[in-house]
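Dear colleague,

Please find below the structure that I am handing over to you. My notes on it follow directly after.

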Amino acid sequence: MRDAYNRDINYLRISITDRCNLRCLYCRPMEGVSLKGHDDILRYEEILRVVSRVVTMGFVKVRLTGGEPLVRRGFVEFAADLKKIKGLEDISLTTNGILLAKYAEGIFNAGITRINISLDSLDRDKYAQITRGGNLDDVFRGIAAAEKAGFSPIKINTVIVRGFNDNEALDFAKLALTRPFQVRFIEIMPVSEVDTGYPADFLPNRHLQEIIGRHFRLIPLAARKRKSDGPARVFTLPDGLGEIGFIDPVSDHFCATCNRLRLMADGKLRACLLKDEEVDLKAALRRNCNDGELDELIRRAVRLKPEKHDLDCTDKHLKKCHRDMSDIGG
Ligand code: SAM
């Protein structure tokens, strides 16, 4: 399905819950998060219906995110139902890994084989600090369970916060050397009312790349870029088991190749991560609209996609987007 800028929109990211078992400093405020009630979020059947419709419109890829998707009851069964939708070629999951040791095998057996695990520090105290109480050992156990279950690739997502974890860049790079993971550094984005200290805590990925490049030979993979890499600039390391990726949404935005819509837990379909244009699907789903009406709402969201977001790394006025990232799903 083409949008107004001739981009092929074929990827739906679905935030299945606004609840999370962590409170990452840059993602959601400590207090004041008004969690939605059961009736306020889409039921699994409603999400499945939306996915069935977007697939008829040419969507082939779905990523499940949140909040933390694994805190929602019935997740594994839902994943298995999603897998049954014909025409859906790729289902992946983004998780903080805290509950993964328990669910990895079930999720893999349900048919999800690609997983991204968010991990911002390899130091126990710093991990607890940035997640406001998370236990790093839970994540390590989750990663081990994901490997054992057979997930491939396993991607580790690391948001770099200047002055907090940029000094761990080499440790993360070593992880990509010694383990078969794609470690991806993600530039921090200013969202909602979460006061991260932006732009002071922003570090452009090129700077990080330069530091890593002084210690490791980074071999670009661009020439044979894989679809599963999305917007990441990916590098291998000589004799490395894994890879390193850089995702630069702020310093070098990739809006020209954006192929996504975002379905949020409350049933709003969002056209751009960093802009507030949304279309409400929940109301239509709850009055049992017909497929034609639902399709028209989805097309409306595609039409709303802006050419690009207008955030830049010098921007001190950060309230571009009025939802927390944990609401939108990242
Ligand atoms: N709970 C899951 C997790 O932790 O992966 C999924 C939801 S989380 C919102 C998805 C991703 O968004 C995580 O990798 C997180 O680090 C990232 N994220 C959240 N806030 C961000 C921000 N302000 N800038 C950049 N990435 C952010």
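In which helix is Asp125 found? Asp125 belongs to helix 4, residues 124–130; helices here are DSSP runs of H or I of at least four residues and strands are runs of E of at least two, both numbered from the N terminus. With a relative accessible area of 63%, Asp125 is exposed; exposed means over 50% relative accessible area, buried means under 20%, and partly exposed lies in between, with a 1.4 Å probe and protein chains only. The C-alpha atoms of Asp125 and Asn135 are 8.8 Å apart, and these residues are separated by 10 residues along the chain.

Two remarks on the source are needed. This is a predicted model, in which local features need pLDDT of at least 70 and side-chain atom pairs count only at pLDDT 80 or more, whereas totals for chains, interfaces and linings use all residues. Residues are numbered from 1 along each chain as its sequence is written, and side-chain values use heavy atoms, with hydrogens and water left out.

As to the protein as a whole, its secondary structure comes to 10 helices and 12 strands. The C-alpha trace spans about 60 × 45 × 45 Å along its principal axes. Of the 330 residues, 56% count as buried. Where contacts (heavy atoms within 4.5 Å) join residues at least 6 apart in sequence, 74% of them link residues at least 24 apart.

Why is strand 9 described as largely enclosed by the rest of the structure? Five of its five residues (243–247) are buried, so the rest of the structure largely encloses it. Both of its faces are covered, with Glu243, Gly245 and Ile247 buried on one side and Ile244 and Phe246 on the other. Strand 6 (residues 181–187) runs parallel to strand 9 and is joined to it by five bridges; Ile186 has Ile247 as its bridge partner in strand 9. Strand 8 (residues 233–236) pairs with strand 9 in the antiparallel sense over four bridges. Here Arg233 stands opposite Phe246, and Phe235 has Ile244 as its bridge partner. The hairpin of strand 8 and strand 9 has six residues between the strands, and Asp239 takes a positive phi near 65° in this hairpin.

Finally, Asn116 lies in strand 4 (residues 114–118). Its relative accessibility is 4%, so Asn116 counts as buried. Leaving aside residues up to four places away in sequence, Asn116 touches Arg63, Leu93, Thr94, Thr95, Lys155, Asn157 and Arg184.

With kind regards

Note on methods
Pairing = 2+ DSSP bridges.
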